Amino acid sequence: MGLLSSLLRQDSRRFIKRKDSDAGEAGRALEELRGSLYNELRTSEGAKRQQQRFCGPVVAMTFNFVVAVGIILGNKLVMGKVGFNYPIFLTLIHYASAWVLLAFFKAFSLLPISPPSKTTPFSSLFALGAVMAFASGLANTSLKHNSVGFYQMAKIAVTPTIVIAEFVLFSKAISFIKVLTLAVVSLGVAVATVTDLEFNFFGACVAVAWIFPSAINKILWSRLQQQGNWTALSLMWKTTPVTVFFLLALMPWLDPPGVMSFKWDVNNATAILISALLGFLLQWSGALALGATSATSHVVLGQFKTCVILLGGYLVFGSDPGFVSICGAVIALGGMTVYTSLSLKKSSDKDSNLLPKHNLASSKPKNDEDNKEESIAEDNSIVV
């Protein structure tokens with residue numbers, strides 16, 4: 001019995017040691033996993049990788065498209081039924097609400113961490129915040145003082161402005177076929193939407209003044225995200241206070257008087273807050289789309305939204321924009337399809353370039369390597 005008891009005790013000790021060893025290994029594995037997740041979520045590099053992993057070009061642009069359609073209905077409700085005809089103040093409410101939401105995310109450690117301050121000068125963030133205020137505020141003011149046709153013509157002018165600005169400032173050039181495709185898209189959108197060009201002098205000045213900051217705004221958003229480790233939310237957190245400041249400065253100059261006498265009841269305030277929430281989602285989705293694609297692609301997406309809304313009204317609600325407008329929308333959609341296919345081809349070629357050399361030989365013939373083009377991201381990145 002003594003011998004048997006001794007053996008049992010030895011087996012028990014070995015079993016306990018083995019269990020302790022397994023528990024230690026499991027604990028170490030859990031700590032390594034926890035550390036890995038922390039690095040992914042609480043560093044700027046990890047947060048940028050997570051954004052790229054879960055929000056690629058298709059997801060980002062689809063998100064932006066859905067939210068843009070929603071905010072059109074929301075702003076139509078606010079400007080029409082509610083009668084809140086103060087475009088700068090409405091824009092200010094949108095950005096102030098976004099700032100509050102971002103502060104809430106930061107308080108609960110849900111906001112991705114920003115890159116070190118030495119990697120991005122404060123002047124770049126300040127410039128982006130200021131330009132964003134002028135781009136958003138002047139866009140709404142232009143829509144208020146001009147006809148839809150003149151406003152749309154100004155939007156079309158943003159596309160060549162981006163191409164020229166990137167070429168002049170950063171020596172970026174795009175292929176001739178892309179230039180031709182963008183020209184076809186712009187022509188189709190003009191035919192589809194520009195039915196009248198009524199405007200007054202003040203409205204025309206606002207529209208012209210809006211074109212350049214709108215183009216620079218998109219270029220800067222795309223540049224900071226693609227060249228740095230900025231995520232959309234962290235960049236919004238840094239630039240929104242500057243935007244709010246400049247909107248406060250613009251409001252007395254561009255908004256009509258009487259905002260304090262507006263009837264602030266529960267229904268009106270609820271409609272404005274819903275519009276503000278959609279404005280936050282629009283800013284976020286737009287930033288994601290600019291980070292995943294480029295400034296030019298984002299403009300093309302905006303024109304795509306315009307054509308889809310026009311054709312959707314004709315097919316679903318029976319509206320009659322006219323045969324010429326429908327043909328223009330179809331031409332624009334065809335040009336957008338070609339532009340998208342060219343961009344996707346460049347993206348797939350870049351993915352092939354990123355493969356290891358021993359995989360390249362099996363995945364693609366050697367004589368095709370010299371014909372590879374850059375991806376959308378590098379095609380639209382800034383050369384410092």
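**Working through the fold**

Mentor: Let's start at one residue. N268 has a relative accessibility of 13%, so N268 counts as buried. Keep in mind that this is a predicted model.

Trainee: Where does N268 lie?

Mentor: In helix 11.

Trainee: And which residues is N268 in contact with, leaving aside its neighbours within four places in sequence?

Mentor: V82, F262 and K263.

Trainee: Let's take F262, then. Which ring does F262 pair with, and how are the planes set?

Mentor: F262 pairs with F84. The ring centres are 5.0 Å apart and the planes stand at 85°. Planes over 60 degrees apart count as edge-to-face, so that is what this pair is.

Trainee: What parts does that pair tie together?

Mentor: Two loops. F84 sits in the loop between helix 3 (57-82) and helix 4 (87-107). F262 sits in the loop between helix 10 (232-254) and helix 11 (266-292). The pair therefore ties together parts that are 178 residues apart in sequence.

Trainee: Are F84 and F262 buried or exposed?

Mentor: Both are buried.

Trainee: What else does F84 touch, not counting residues up to four places away?

Mentor: Besides F262, F84 touches V78, M79, F89, L90, I93, W264 and I272. F84 and W221 also have the most contacts inside the largest nonpolar core, which has 65 residues.

Trainee: Which residues does the second core include?

Mentor: V189, V194, C307 and I326 are among its members. That core is separate and has 16 residues.

Trainee: Back to rings. How many aromatic pairs does a search of the whole structure find?

Mentor: The search finds 14. Ring pairs also link a cluster: F63, F104, F105, F108, F280 and W284.

Trainee: What about F104 and F108, how is that pair arranged?

Mentor: Tilted. The centres are 4.7 Å apart, with 45° between the planes.

Trainee: Is F108 buried or exposed?

Mentor: F108 is at 53% relative accessibility, so it counts as exposed. F104 has a relative accessible area of 46%, so F104 is partly exposed.

Trainee: New topic. At what angle do helix 6 and helix 8 cross?

Mentor: Roughly 175°. Helix 6 covers residues 148-156 and helix 8 covers residues 176-193, and their axes come within 10 Å. The two are therefore roughly antiparallel to each other.

Trainee: Which residues make the contact?

Mentor: Helix 6 brings G149, Q152 and I156. Helix 8 brings S186, V189, A190 and T193. By class, the contact has 3 nonpolar, 4 polar and no charged residues.

Trainee: Last bit, the overall picture. How many helices and strands does the chain have?

Mentor: 15 helices and 0 strands. The chain has 384 residues, and 43% of them count as buried.

Trainee: And what share of the contacts between residues at least 6 apart join residues at least 24 apart?

Mentor: 86%.

Terms used:
Residues are numbered from 1 along each chain as its sequence is written. This is a predicted model: local features need pLDDT of at least 70, side-chain atom pairs count only at pLDDT 80 or more; totals for chains, interfaces and linings use all residues. Side-chain values use heavy atoms; hydrogens and water are left out. Axes are lines fitted to C-alpha atoms, for helices over the stretch in contact, and angles run from 0 to 180 degrees between N-to-C directions. Helices (H or I, at least four residues) and strands (E, at least two) are DSSP runs, numbered from the N terminus. Angles under 35 degrees count as roughly parallel, over 145 as roughly antiparallel, 65 to 115 as roughly perpendicular and the rest as oblique. Contact means heavy atoms within 4.5 Å. Ala, Val, Leu, Ile, Met, Phe, Trp, Tyr, Cys and Pro count as nonpolar, Asp, Glu, Lys and Arg as charged, and the others, Gly among them, as polar. Rings of Phe, Tyr and Trp (its six-membered ring) pair if their centres lie within 6.5 Å; planes under 30 degrees apart count as stacked, over 60 as edge-to-face and the rest as tilted. Buried means under 20% relative accessible area, exposed over 50%, partly exposed in between (1.4 Å probe, protein chains only). A nonpolar core is a set of buried Ala, Val, Leu, Ile, Met, Phe, Trp, Tyr and Cys residues joined through side-chain atoms within 4.5 Å.
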